[in-house]
Number of protein chains: 2
Amino acid sequence: MTDEPLTADRILDAAEEVLRRFGPSKTTVVDVARALDVSHGTIYRHFPNKAALRDAVAERWLARVSAPLEAIAAEKGPADDRLRRWLQALAWAKRRKVLDDPELFATYHALAEQARGVVDAHVEALIGQLARIIQDGMAAGIFTVTDARAAARAVFDATMRFHHPAHSAQWQDPGIDEAFEEVLQMVLAALAGRHPD
Amino acid sequence: MTDEPLTADRILDAAEEVLRRFGPSKTTVVDVARALDVSHGTIYRHFPNKAALRDAVAERWLARVSAPLEAIAAEKGPADDRLRRWLQALAWAKRRKVLDDPELFATYHALAEQARGVVDAHVEALIGQLARIIQDGMAAGIFTVTDARAAARAVFDATMRFHHPAHSAQWQDPGIDEAFEEVLQMVLAALAGRHPD
């Protein structure tokens, strides 16, 4: 037992380590408590049950994806440029996670499948960021769509091949960057109301 | 043993039945031969090995998806209307397969994952159909894109959420039809070079 106070963040660090070792289905709160050398009652003071701990781990993991994207959404530059960079950043962040540590990515993907509420909130947050960029483009007159939220949803759906983990096996295909660029051009053209470059 | 001649089609019928019962990983050529009451050597005269039989089953299954779409691609009506009907037909065919018999769909999905060459050829054929529709729209002046093949690829990728089996768990979500319509509008707008309706 260390003298450091047992914060929620330290519990999540330990839970990540244990998940990595045992996988989502075999990890128990007792395993996490053992890794921290505390009683499982101590964990339950921070997270009332295993599902709450699992959701908190998934939430922190997804926040690492959405935080840098939030920065792009909050910028003030041209909306088309920000939209492009936002979509690239999302696709590249996912791709880097898969390539850097495929096993950990698979673990988190399995975890996220169980934490549907957390994933749904994450997707809504991402679509909210996209909607703000599109709204800025509408205000500046470079996007001619009328419903920023609906357009954001469509942009998110239309680029799914490049950011949804179910397609990660194709993210190293030779044509993937070109395919992404084609879809991006299509999306930008539709938002602007002009033909694709 | 029946008196019917043993055609490739009858072997494929039997292979489908056996696959349905045992799943792709447990099905052997011997199982298929047993179901037909012939020796496995008889099967090998039509399909040189298990992979060839597996690929032929996958190919016939995928042909049932692409044949009705081919009919839409070959029509002569307005290209935007045909593009909409083609994409709807693809999405609905996949959705019907999942809802009618989820277990069989999962079996074929697993089978297709092993028959990558067959799946790639199927996707290329579908993109070829889309390209012909887009080409017609370009000739008629309603689509302003310049590269029909690249546009077809982008349309296929952008609608992946609605036809790729990896997303089948979401095909019964209440918002799915609206989401499809939004992406369809975006695609049509981009092809036409105007803002989405």
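**Domains of chain A**

I looked up the domain assignment of chain A, which gives domain 1 (8–46) and domain 2 (54–192); such bounds come from an automatic or database domain assignment. The contact between them takes eight residues from domain 1 of chain A and 11 residues from domain 2 of chain A, where contact means heavy atoms within 4.5 Å. I read 30 Å between the C-alpha centres of domain 1 of chain A and domain 2 of chain A.

**Conventions**

I note that this is a predicted model, in which local features need pLDDT of at least 70 and side-chain atom pairs count only at pLDDT 80 or more, while totals for chains, interfaces and linings use all residues. Residues are numbered from 1 along each chain as its sequence is written, chains are lettered from A and ligands numbered from 1 in the order in which they are written, and side-chain values use heavy atoms, with hydrogens and water left out.

**Domain 1 against domain 2, chain A**

I looked up the buried area (accessible area, 1.4 Å probe, that two parts lose on being put together, summed over both). Domain 1 of chain A and domain 2 of chain A bury about 910 Å² between them, with 57% of it on carbon and sulfur atoms. On the domain 1 side of chain A, the residues losing the most area to domain 2 of chain A are E16(A), R20(A) and P24(A), together 57% of what that side buries.

I then looked up salt bridges (a side-chain nitrogen of Lys or Arg within 4 Å of a carboxyl oxygen of Asp or Glu). There are five between domain 1 of chain A and domain 2 of chain A. I also found R20(A) and D101(A) joined by a salt bridge between their side chains, at 2.5 Å, N to O.

**Chain B against chain A**

I find 29 residues from chain B and 29 residues from chain A in the contact. The area buried between chain B and chain A is about 2100 Å², and carbon and sulfur atoms give 70% of that. The salt bridge count between these chains is two. I also looked up D157(A) and R161(B), whose side chains meet in a salt bridge of 2.9 Å, N to O.

Not counting residues up to four places away in sequence, L191(B) touches residues including M186(A), L83(B), I134(B) and F143(B).
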